[in-house]
Amino acid sequence: HRDLHSFPTRRSSDLELMKQREQHAAEQHKSQLFMQQVSLYQKMISDPSLSDQVKETAEQALLKLLQSN
C-alpha cells in the first residue's frame with residue numbers, strides 16, 4: 001500500500017495555475033480566430049472577382065462580427 005501513496009499529488013495552487021494557463025490559451029485562440037475572420041471578410045469585400053451580392057453579404061457579416069465584440 002505504500003506504493004499507492006508515493007505518487008505526487010497536485011496542490012490546489014498548481015491546479016489554479018493550470019486553469020489560468022488554459023484560459024489564457026483559449027483567449028489567445030479566440031482572438032486569433034476573430035482576426036482571421038475579419039481578414040477573410042475584408043479580402044472578400046475588396047475582391048473584384050466576387051459579385052456585389054457576395055461582397056454585401058461579407059460586409060454585413062463583418063459588421064455583425066465587429067458589433068458582437
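**Ground rules.** I number residues from 1 along each chain as its sequence is written. As the model is predicted, I ask for pLDDT of at least 70 for local features and 80 or more for side-chain atom pairs, while totals for chains, interfaces and linings use all residues, and side-chain values use heavy atoms, without hydrogens and water.

**Overall.** I looked up the secondary structure and found two helices and zero strands (DSSP runs numbered from the N terminus: H or I of at least four residues for helices, E of at least two for strands). Of the 69 residues, 7% are buried (under 20% relative accessible area, with exposed over 50% and partly exposed in between; 1.4 Å probe, protein chains only).

**The helix pair.** How do the axes of H1 and H2 lie? H1 and H2 (residues 52-67) pack at about 150 degrees, with axes 8 Å apart (lines fitted to C-alpha atoms over the stretch in contact, angles from 0 to 180 degrees between N-to-C directions). That angle is why I call H1 roughly antiparallel to H2 (over 145 degrees). I then listed the contact (heavy atoms within 4.5 Å): H1 brings residues including Phe34, Tyr41 and Ile45, and H2 brings others, among them Ala58, Leu62 and Leu65.

**Arginine 10.** I found arginine 10 in the segment before H1 (12-46). Is arginine 10 buried or exposed? Arginine 10 is exposed, at a relative accessible area of 56%. Neighbours within four places in sequence aside, arginine 10 is in contact with Leu15 and Met18.

Notes. Parallel < 35°, antiparallel > 145°, perpendicular 65-115°, else oblique.
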